[in-house]
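Work through the exercises below with the model open. Each task is followed by a stepwise solution.

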Amino acid sequence: MTFRLFALTLFAMLAFAGNSLLCRVALKQTAIDPTTFVAIRILSGALMLWLVLALRRQSTRLEGTWAGALALLAYAMAFSYAYTHIPAGTGALLLFGAIQISMILYGLAIGERLSPLQCAGMALAVSGLVALMLPSADAPPVFYVFLMIPSGVAWSIYSLLGRGAKNPAAATAGNFIRAAPVALALLLAQFVASHVRIDAAGAGYAVASGAVTSGLGYILWYAALKQLNVTRAATVQLSVPVLAALGGTLLLDEPLTALLVAASALVLAGVSLVIAAKRRV
């Protein structure tokens, strides 16, 4: 791996973990509500991606799809509401565990077959997610745990829809731009119901999440993906929950519980087994 590729991958993973931290700190420590956070995140992400394409002098023709835009919005909404009650590390583990398991299940649906070792890995990963959902003193609220699972599924759908994009950055910009009016409509509905809450700090975190850790983060990741094979790309994403957990502990004073450590070990080991072992087609 070259230094450039290492740097692109590292900063992309830090951006993904940063999304969890920014969302969590905004919803925990400021007055902003989840819908307003998502609307600002999507709008600022759309603006940043459009600006990057314009500076690159690339075509401004709208790429992406409405299906991709709705999947993006579903991911962001479930993600944000889940983080009102889930620590950053736990949320990232649930999200990326759900993403990886969804992708594996998709592979099975299109005819791939798992080896016995991969089946064992799948069982380990699922057991780790289940462990987080079981009632205990350290377990997050079950309802919000289940919100993070569909968020991961929606992100998997978004990723699968964008696999064939000729220009991933333009497709991502198109998806963000399409999602923006829908996010604004949801915000307007909440405003009419008098449930909108916002302050300068919360808005600032939302802009940083949309413009930097989403918009620029996705561009860095797409640049790295051109030089990473599928196995390596899937493997490096397993670092995100670890980074988010460390960030939550260091920056947000969130406890690094024994349950989170044990569940993380099960999920990361299980998914690693599925990725590393050779698939039977």
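Helices here are DSSP runs of at least four residues, numbered from the N terminus. The model is predicted.

**Exercise 1. Confidence**

Task: State the average pLDDT of the protein, and find which element has the lowest mean and which the highest.

Solution. 
- Step 1: The protein averages a pLDDT of 85. A score of at least 70 is reached by 92% of the residues.
- Step 2: Go element by element. Helix H9 (residues 230-236) has the lowest mean, 69. Helix H3 (residues 66-82) has the highest, 95.

**Exercise 2. The geometry of H7**

Task: What span should helix H7 (residues 168-192) have, and where does H7 bend?

Solution. 
- Step 1: H7 has 25 residues. The expected span is 1.5 Å times one less than the number of residues. For H7 this gives 36 Å.
- Step 2: Look for a bend. H7 bends by about 30° at Ala180. A proline, Pro181, follows within four residues.
- Step 3: Just after H7, Ser194 takes a positive phi of about 65°.

**Exercise 3. A nonpolar patch**

Task: Which residues make the nonpolar surface patch, and which helix gives the most to the patch?

Solution. 
- Step 1: List the members. They are Leu47, Trp50, Leu51, Leu55, Leu62 and Ile177. The patch covers about 580 Å².
- Step 2: Assign the main contributor. Helix H2 (residues 34-55) gives the most, with four residues.
- Step 3: Leu55 is found in H2. Its relative accessible area is 65%. Exposed means over 50%, so Leu55 is exposed.

**Exercise 4. The salt bridge**

Task: How many salt bridges does a search of the whole structure find?

Solution. 
- Step 1: The search finds one salt bridge. The side chains of Glu254 and Arg24 meet at 2.9 Å, N to O.
- Step 2: Glu254 lies in the loop between helix H10 (239-251) and helix H11 (258-276), and Arg24 lies in helix H1 (residues 3-29), so the pair ties together parts that are 230 residues apart in sequence.
- Step 3: Apply the cut-off. Buried means under 20% relative accessible area. Glu254 has 6%, so Glu254 is buried. Arg24 has 9%, so Arg24 is buried.

Note on methods. Residues are numbered from 1 along each chain as its sequence is written. This is a predicted model: local features need pLDDT of at least 70, side-chain atom pairs count only at pLDDT 80 or more; totals for chains, interfaces and linings use all residues. Side-chain values use heavy atoms; hydrogens and water are left out. pLDDT is the predictor's confidence in each residue, from 0 to 100. Helices (H or I, at least four residues) and strands (E, at least two) are DSSP runs, numbered from the N terminus. The bend at a residue is the angle between axes fitted to the seven residues ending there and the seven starting there. Patches are made of residues with over 30% relative accessible area and no salt bridge: like charges are joined within 9 Å, nonpolar side chains (Val, Leu, Ile, Met, Phe, Trp, Tyr) within 5 Å. Accessible areas come from the Shrake-Rupley method with a 1.4 Å probe; for residues, only the protein chains shown count as cover. A salt bridge is a side-chain nitrogen of Lys or Arg within 4 Å of a carboxyl oxygen of Asp or Glu. Buried means under 20% relative accessible area, exposed over 50%, partly exposed in between (1.4 Å probe, protein chains only).
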